[in-house]
Amino acid sequence: MTEDVRWERLTAPEINALAARNALVVLPVASLEQHGPHLPVWTDSALGHAMAVRAAEIARDVPVVVLPPMWTGLSEHHFPFGGTISLDYATFAGVLRCVARSIIACGFRRLFLVNSHGGNIEPLAVASREMAHEFGIPVATTSLPRVAAQEIAEILETQPGVQHACEAETALWLHLDAAQVRQDKVAGAASQGGNLGNPLVTRFWSFEERAPVTGVRGNPPAATAEKGARLAAVIAAGLARAMRDEVLWTTPDPVWAPGRAQGQR
């Protein structure tokens with residue numbers, strides 16, 4: 001029987017044994033938010049967890065255990081379309097910090113935050129940096145599209161990368177669980193217009209402003225299950241490469257330690 005990589009399916013002694021092997025703990029960080037008229041609100045949680053598990057199964061030469069997904073993140077920009085639950089940053093960072101403290105208490109010393117929601121990217125960059133300083137362990141984060149950006153672009157036909165409830169996310173659902181896709185709603189799902197803002201300047205935009213009418217960015221009618229299978233393969237492979245990257249998982253420099261500003265002693 002193949003060893004399961006999912007934390008929730010393991011016994012406490014099995015988890016303790018993984019800690020003794022210095023296993024990498026993976027936390028899929030996601031959201032619960034509208035995904036247009038054709039995809040379920042738990043899209044990011046389901047896709048993020050599925051990709052993390054597939055990646056861990058590829059990287060069998062590295063001990064990895066995947067936590068259940070953190071199912072809500074920063075999603076207030078989706079409120080205008082309903083179906084959305086959001087955290088603020090302080091709560092978001094506090095939950096992540098408690099997860100980090102918990103895995104350290106369990107004997108683990110490495111944490112990989114695998115993100116599947118655009119609104120979490122900047123908050124995760126800050127939170128992972130803060131936790132590395134506080135706990136003295138490597139805490140790395142990435143987002144699903146970033147680990148295979150070029151490969152994803154070569155698979156998609158109508159958009160340059162993953163957007164929202166789009167060609168890519170719809171294709172992944174068609175591959176993973178087609179029954180979750182409301183096929184009769186796909187044809188009219190794409191938003192028309194929207195203000196994408198100045199890419200050189202950051203400010204808050206709601207999806208009413210960015211993706212009016214349907215809350216979708218991208219072209220879901222172009223999705224196919226075959227594209228979804230290819231997307232899943234390249235994303236899982238990209239995550240597996242990060243899991244195997246020994247440089248990522250070295251102990252961070254304790255820059256806040258007393259006297260560290262005076263150089264190495």
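A disulfide is a pair of cysteine sulfur atoms within 2.5 Å. With that cut-off in hand, here are some close-up views. This is a predicted model, in which local features need pLDDT of at least 70 and side-chain atom pairs count only at pLDDT 80 or more, while totals for chains, interfaces and linings use all residues. Residues are numbered from 1 along each chain as its sequence is written, and side-chain values use heavy atoms, with hydrogens and water left out.

**View 1. Cysteines without a bond.** The structure holds zero disulfides. For cysteine 98, the closest cysteine sulfur belongs to cysteine 106 and sits 13 Å away, which is too far for a bond. Cysteine 98 is partly exposed at 43% relative accessibility, whereas cysteine 166 is buried at 0%.

**View 2. Aromatic rings across the sequence.** A pair of aromatic rings is described by the distance of the centres and the angle of the planes. Here, rings of Phe, Tyr and Trp (its six-membered ring) pair if their centres lie within 6.5 Å; planes under 30 degrees apart count as stacked, over 60 as edge-to-face and the rest as tilted. There are three aromatic pairs in the structure. One of them joins tryptophan 7 and phenylalanine 108, with centres 5.5 Å apart and planes at 45°, so the pair is tilted. Tryptophan 7 lies in the segment before helix H1 (12–20) and phenylalanine 108 in the loop between helix H3 (89–105) and strand E3 (111–115), so the pair ties together parts that are 101 residues apart in sequence. Tryptophan 7 and phenylalanine 108 are both buried. Another of the pairs is edge-to-face: the rings of phenylalanine 112 and tryptophan 249 have centres 5.4 Å apart and planes at 70°. Phenylalanine 112 belongs to strand E3 and tryptophan 249 to the segment after helix H9 (225–244), so this pair ties together parts that are 137 residues apart in sequence. Phenylalanine 112 is buried at 2% relative accessibility, and tryptophan 249 is buried at 9%. As for the element names, helices (H or I, at least four residues) and strands (E, at least two) are DSSP runs, numbered from the N terminus.

**View 3. An arginine over a tryptophan.** Arginine 203 lies over the face of tryptophan 205, at 3.7 Å from the ring centre. A charge sits over a ring if NZ of Lys or CZ of Arg is within 6 Å of the ring centre and within 35 degrees of the ring normal.

**View 4. The largest nonpolar core.** A nonpolar core is a set of buried Ala, Val, Leu, Ile, Met, Phe, Trp, Tyr and Cys residues joined through side-chain atoms within 4.5 Å. The largest one has 45 residues, and those with the most contacts inside it are Val26, Phe112, Ile235, Leu239 and Met243. Elements that each supply at least two residues of this core include strand E1 (24–29), helix H2 (43–58), helix H6 (167–177) and H9. H9 gives the largest share, eight residues. Contact means heavy atoms within 4.5 Å. Leaving aside neighbours within four places in sequence, leucine 239 is in contact with residues including Met51, Ala52, Ala55, Phe112 and Val114. A second, separate core of 28 residues includes Ala19, Leu74, Ile103 and Phe135.

View 5. The expected span of a helix is 1.5 Å times one less than its number of residues. H2 has 16 residues and reaches 23 Å from its first C-alpha to its last, close to the 22 Å expected. Of the 16 residues of H2, 12 are buried, so this helix is largely enclosed by the rest of the structure. The cover over the buried residues of H2 includes E1, E2, H6 and H9. The 20 residues of H9 should span 28 Å, and the end C-alpha atoms are 29 Å apart, which agrees. Among the buried residues of H9 are Lys227, Leu231, Ile235 and Met243.

**View 6. Two loop residues with positive phi.** Asparagine 22, which is not a glycine, has a positive phi near 60°. Asparagine 22 sits in the loop between H1 and E1 and is partly exposed at 36%. Valine 213 has a positive phi of about 80° although it is not a glycine. Valine 213 lies in the loop between helix H8 (207–210) and H9 and is exposed at 71% relative accessibility.

Technical notes
Buried means under 20% relative accessible area, exposed over 50%, partly exposed in between (1.4 Å probe, protein chains only).
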